[in-house]
Amino acid sequence: MIQITARLAALPRWALVVLAIASGGIGALAHDPHAFAPAIFVPIIMGFVLLHRSPNWRTALWNGWALGTGYFVLTLTWITEPFQVDAATTGWMAPFALVLLALLLGSFWALALGIAHWAGGRAWMLAVTWAGAEMLRAYVFTGFPWATPVQAFVDVWAGQGLAWLGPHGLTLLVCGGVAAANSVPKNWRLWGFPSVLIAALGLVPISARDVPMTDHTVRLVQPNAPQDEKWDPEKISVFVNRQIDYTASPGAPDLIVWPETALPYLAENAQVVFDVIADAARGTPVVLGIQRREKSDYFNSLVVLNEGGQVTQTYDKHHLVPFGEYMPAEWLFRHINVGGLAQRAEGGYAAGPGPRLLDFGDIGTALPLICYEAVFAHDVGRALNRPAFLMQLTNDAWFGSRSGPQQHLAQARMRAIEQGLPMVRAANTGISAMIDPQGRVISSIGLNQAGFIDAPLPAPGALTLYARTGDLPWALVLLSGLFAMVLRRLLTDRPISIDADQNGA
């Protein structure tokens, strides 16, 4: 890396910025639809090169911003899809949304490189600040940890480290490994070769193994309702009847799961349809997504129907999508007549009280997640008691037909690994899947297909270390590292006294 840095030293600053953007873009190949995991090391290694190449912390900050912007602008191209649902009204916003979001998320990487350079420019410092920046991205401004670098490892053995370290601990480990290899060639045998060997072994695909199964079967229903047709009065009956027909199909599942907002009615007005669904289910409980109203508040919810079509359990989504299900600074956007893309009620949705478990008797308890909630590792770990399985209801029609739904599935798989629990996933347009506790998809319905599957429910795995600890230990580690960096900077800048200088002389 030292030789690479020396060669880059001759490049003009603008060329280095272009190279940083390109390196970030190559990192996007690590995520779906390409899913070439080794590509994620290109922007990570380039981050350390930029740290050493930058003459001061301001330049490091700008270089980091270029690197992050290149990475996010190509990884998150799907973000333009929701604006195309009503293209005549919102289509013009799509490129601005993509670029502004990439710039915002890139600023976290800028912060990582800028602080690391300011503190002394050591490689281990960037490992700490990069992991810290990714943790901040998961929490601040309600959080958006989509496309965290370690998401690239969901198909390889390195991804199993999520069960021990969680996403932020694994990020620190990966960046720390690159930092250790940064000593090459001086200490190649001590740091470089082991780092490269561990990385190579970690990128080996997960092997197929027998999955312990329960005696229960779950039916996943996927109606494939495109978002621009989902609420069309002329098409509503097509999609509702399709789900009812799949529910009534032969077989004896123990649980039937429909996707998010599977019915275009308010829960309090849907009893007639609930009765029809219960008849089709022949005594099997049905979970389905629906909106509901309580006084003046509207909720994006799911309900559980018993054999008589009565609602026995309800869950309200609590982690809402900003600019989708509600508008931050609503007074401002109301003034310019801009509302959330996914909100179905004026003023947006209200947030539910938080995580809760659903009880399905002999099948066990489930932690419900509605769409976006599966993106947040720390939310999934907030339940007071451990469930038997995770259950995600989602409408990925908003995310288009390429990378968005696949990347969302990858994050659901991450949550399964982190908690050591199977994930039951029902998606409107796909990808519906049964995921085992190691994050492997054992049964699925393809993207943009209508259908159903009866999938055996895997048994829960052992309680993972990350499920026990959550993010707190890594937050303390990163804060300690940051404190050490600041202390080192202060001591380095401390002037030498005259007496001390004379004594030394």
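This is a predicted model: local features need pLDDT of at least 70, side-chain atom pairs count only at pLDDT 80 or more; totals for chains, interfaces and linings use all residues.
Colleague: Let's start with β8. Is it buried or exposed, and where does it run?
Modeller: Strand β8 covers residues 389-394 and is mostly covered, with six of its six residues buried.

Colleague: Which residues sit on which side of β8?
Modeller: F389, M391 and L393 are on one side. L390, Q392 and T394 are on the other, and both faces are covered.

Colleague: OK. How many bridges join β7 to β8?
Modeller: Five bridges link β7 (residues 365-370) with β8, and the two strands run parallel. Within that part of the model, L369 stands opposite Q392.

Colleague: And how many join β8 to β9?
Modeller: Five bridges there, with β9 (residues 423-427) running parallel to β8. T394 has A427 in β9 as its bridge partner.

Colleague: What do β8, α15 and β9 make?
Modeller: A right-handed β-α-β unit, in which helix α15 spans residues 403-419.

Colleague: Changing topic. What is the strand order in the open sheet of six strands?
Modeller: The order is β5-β4-β3-β2-β1-β12, and the pairing is mixed.

Colleague: Which strands stand at the edges?
Modeller: β5 (311-316) and β12 (451-458) do. Each has a single partner strand, so one side of each lacks a neighbour in the sheet.

Colleague: By how many degrees are neighbouring strands turned against each other?
Modeller: On average 35 degrees in this sheet, direction ignored.

Colleague: How many bridges join β1 to β2?
Modeller: Three, between β1 (residues 213-222) and β2 (residues 255-257), which run parallel. In β2, L255 is the bridge partner of V218.

Colleague: Which strands does α11 lie across?
Modeller: Helix α11 (residues 236-248) lies across β1, β2 and β12, and runs at about 155 degrees to β1.

Colleague: What about α12, which strands does that one touch?
Modeller: Helix α12 (residues 271-281) packs on the sheet and touches β2, β3 (286-294), β4 (297-305) and β5. The direction of α12 makes about 170 degrees with that of β3.

Colleague: Last one, α3. What span does the helix reach?
Modeller: Helix α3 (residues 41-53) has 13 residues and reaches 18 Å from its first C-alpha to its last, close to the 18 Å expected at 1.5 Å a residue.

Colleague: How many of the residues in α3 are buried?
Modeller: Ten of the 13 are buried, so α3 is largely enclosed by the rest of the structure. Among them are F41, P43, I44, M46 and R53.

Technical notes: Residues are numbered from 1 along each chain as its sequence is written. Side-chain values use heavy atoms; hydrogens and water are left out. Buried means under 20% relative accessible area, exposed over 50%, partly exposed in between (1.4 Å probe, protein chains only). Helices (H or I, at least four residues) and strands (E, at least two) are DSSP runs, numbered from the N terminus. Two strands pair if DSSP finds at least two bridges between them. A crossover is right-handed if, with the strands pointing away from the viewer, the path from the first strand over the helix to the second runs clockwise. Axes are lines fitted to C-alpha atoms, for helices over the stretch in contact, and angles run from 0 to 180 degrees between N-to-C directions. Contact means heavy atoms within 4.5 Å. The expected span of a helix is 1.5 Å times one less than its number of residues.
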